[in-house]
Structure formats: C-alpha cells, structure tokens
Amino acid sequence: MRIGFTSGRFKALLGAALLAGAAQAAHGATIDTVRQNGFVRCGTTTGFAGFSAPDAKGEWRGLDVDLCRAVAAAVLGDARKTKIVPLNAQQRFTALQSGEIDVLTRNTTVTQQRDTALGIIHAGINFYDGQGFMVRKSLGVKSAKELNGASVCLQAGTSNENTLADWARANKVEYKPVVIEDFNEIVNAFASNRCDVFSTDASGLASIRISKLGNPDDFVVLPEIISKEPLGPFVRQGDDNWLNIVSWSLRAMIEAEEYGITSANVDTLKAKSDQPNVKRILGVTPGAGKNMGLSEDWAYNIIKQVGNYGESFERNVGQGSPLKLQRGLNAQWNKGGLMYALPIR
Ligand SMILES: N[C@@H](CCC(=O)N[C@@H](CS)C(=O)NCC(=O)O)C(=O)O
C-alpha cells in the first residue's frame, strides 16, 4: 500500500469516521431538535441519589440533573424544559448514539476509548472521582489489599469492571466478580450478602451507603482509591455547536462560582457590576451567546435558575445533602481543586 495505513487499519479508521458522521447526519443539528421538541432529553441513571434520582415528589434532582437543567436554561431559557431518560450503565451509549437523548448527563467516566471509538465525545468534567471499595464492617477488613478471595459486586457496563481487573492483577489479589446489569439488583445482591465487597466510584459508594442500605453504619468505605474516574457529560460526535453549548454551559456554572455570581445575587450583579468578566458572563457585554446561536442571557438563565457549580454541588452532594461529600478535587483551582473553567471571553 502506498498510503501509510495497512488496509485493515485504514478500514477501521474510515469506519469510525463514517460512524461518527453517519450518526450525526442521521440526527441533524441537535439544537434544532431541542427547539422543535421544546425540551432537552437527558440520559441519567435509573436513580442514584445526589447525581440523578427522583425526590419524594417524583422530581428528578442531582448534580447531573442540574447540568441537564443548565443546558435547558441556556438553550430554551427555562431550566424546567427537560426530559429525563433513565438508563443503566449498559444502555447509556446506545441511547446517545441512536438519538434517543440529546446529551448524556450520567456519572460517566471519560476514557480515551469512549471518546474516540463510539461516535460520542465528552463535553467537560463535572465531578472528579476515583474507584473505591465498600465492605460490611463485620468483615473486619481495613484495606483493599486484604480482599484476596473475596467476591466483588460490580455493575455491568461500567469502567469499574476493567479497572478492578487491572488493579487486582497488578496487586496479585484474586477475587470473584459478581456482575449484574440492573442497579437495584446489584445493590440488593450486596445488601443480602451475595458478595463481600461493592466496588464502584467513591461517590457511588457514598450514595449507595446513605440511600440504599438499611443501616449505613454497618458498612465502611475502604481508604484505597484505585483509579481516576473523571465524570462528565457526553454528546454525539460531529455536532460541534452542540458540543460547545453543553461544555460552555458547564463552564458557565464553574466560572460563575469563581467570580462569586450566585442565584441569589445574579440580578444585582447584572444591574450593577462593573467587572468586565462578570458583565461578559451575564451578557451585559454581548457576544458569548450569539457565537453559539443562543440569546445573550444564556449564562444568566443558568445561574438564576440552576445556580453556580458550588451551589449545585453543596445542595446535591455536599454539606446541604445527605451525602456530605467534601469538595476535595472538585474545589475551584484557586482553592486547591481541579475545577478550572476556561474563560468566557
Ligand atoms: N463511572 C463509571 C460508573 C458509572 C455507573 O454506572 N455507576 C453505577 C453504580 S454507582 C450507576 O450509576 N448505576 C446507576 C444505574 O444504573 O441506574 C462508568 O462510567 O462506567
């Protein structure tokens, strides 16, 4: 072959490109679909407290639901105009590829494989996490390295399955995987002692412990974090404007926190602030909205109706929630964390 590819590799690359192109061509511009429907269809979990779960009144709430609402506020001017599509781990990518949803806002780890091989692409990180372990206290285990011979509950279709296999091989730990697709079933398997250990993202362990296990004090999360699990929204490849809209909606929430713009003070700042960055975010100085085909109050609507990232974090997973997670890696970059929004200017 004269061109630099072996024919197999060339075909594979061509296949991936066609897949991405075809996936998008079949769906047109997502913003048009959203405007025609009058709502944003977001793929979430089937119910994972703190990130995406229905509350007592059946209203979906959580950090990921807030991101979905932010996109609706940016595009449609109304954060309520969302349609939540609950998906388990196995179903989520097909739902995005097939056009059943406009954006996947569902505790999904960004990996090179997911970003390049599935016709989808991530649109930022809204929670930095890592994989951990939870065990029954009565087991008396203090470290994951003591888990040799244990049975481990894992949800099918998660990155957690492969990460654990890699870690176990590297640490010479033998384990018996118990893998189930349905979230409630896998949690029930753990609760009813069908496995010794539950392994998933640390946020997932905290959420399961508080919201799904009868007596949280009977369980303990072990200190080891065995991976990076950067969680973020995904969109289809080939629709750059939609990718921009989702990623800049998330950045608007993060940057609003950096500049101290909250749902409570956004009106005052919009009327009175003479800070150039604040004026650009709030559309007082125009440009940012028009460049994405949105109105200039796109970010104002997000902050007013959903709040900034810190407000969303505290209410859903932080000190104002049953999970009480620390900001940790999810603090702002100038407060020791990794949340560093690219500038809106
Ligand atoms: N971040 C991992 C795990 C995400 C995941 O699906 N976690 C499970 C366990 S906490 C979950 O959210 N299940 C809820 C559901 O399937 O409805 C990934 O992207 O594969």
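Visitor: What classes of residue make up the shell around the ligand?
Guide: Four are nonpolar, twelve polar and two charged. Ala, Val, Leu, Ile, Met, Phe, Trp, Tyr, Cys and Pro count as nonpolar; Asp, Glu, Lys and Arg are charged; the others, Gly among them, are polar. A caution: this is a predicted model, in which local features need pLDDT of at least 70, side-chain atom pairs count only at pLDDT 80 or more, and totals for chains, interfaces and linings use all residues. Residues are numbered from 1 along each chain as its sequence is written.

Visitor: What puts a residue in that shell, and which are the closest?
Guide: The C-beta atom, placed from the backbone, must lie within 6 Å of the molecule. 18 residues surround the ligand, and the closest are Thr45, Thr46, Thr158, Phe183 and Gly204. α6 (159-170), β11 (197-201) and β13 (229-231) each give at least two residues to the shell. Such elements are DSSP runs numbered from the N terminus: helices are H or I, at least four residues, and strands are E, at least two.

Visitor: Why is Tyr309 called buried?
Guide: The rule counts other C-beta atoms, placed from the backbone, within 10 Å of the residue's own: 20 or more is buried, 12 or fewer exposed, in between partly exposed. Tyr309 has 27 such neighbours, so it counts as buried. Tyr309 sits in helix α13 (residues 309-316).

Visitor: Which residues does Tyr309 touch?
Guide: Leaving out residues up to four places away in sequence, Tyr309 touches Met253, Ile254, Glu257 and Met339. Contact requires C-beta atoms, placed from the backbone, within 7 Å.

Visitor: Is Gly232 buried or exposed, and how do you know?
Guide: Gly232 has 23 other C-beta atoms within 10 Å, so it is buried. Gly232 lies in the loop between β13 and β14 (234-236). Beyond four places in sequence, its contacts include Thr108, His122 and Asn126.

Visitor: What makes Lys172 and Asn193 exposed?
Guide: Lys172 has 8 other C-beta atoms within 10 Å, so it is exposed. Asn193 has 9, so it is exposed as well. Lys172 lies in the loop between α6 and β10, and Asn193 in the loop between α7 and β11. Neither is a glycine, yet phi is positive: about 55° at Lys172 and about 70° at Asn193.

Visitor: How do you know where the buried residues of α7 lie on the helix?
Guide: Helix α7 (residues 183-191) buries Phe183, Ile186, Val187, Phe190 and Ala191. Seen down the axis, they fall within an arc of 140°, so they line one face. The arc is that of the directions from the helix axis to the C-beta atoms. Their cover includes β9 (150-155), β10 (175-180), β11 and α8 (202-211).

Visitor: What makes a set of residues a nonpolar core?
Guide: Its members are buried Ala, Val, Leu, Ile, Met, Phe, Trp, Tyr and Cys residues, joined through C-beta atoms within 7 Å. The largest core has 85 residues; among those with the most contacts inside it are Val71, Val103 and Ile302. Helix α3 (residues 63-76) gives the largest share, eleven residues.

Visitor: What confidence does the chain have?
Guide: The average pLDDT, the predictor's confidence in each residue from 0 to 100, is 93, and 92% of the residues score at least 70. Over residues 1-18 the pLDDT is below 50. Where pLDDT is low, the predicted coordinates should not be read in detail.

Conventions: Contact = placed C-beta atoms within 7 Å.
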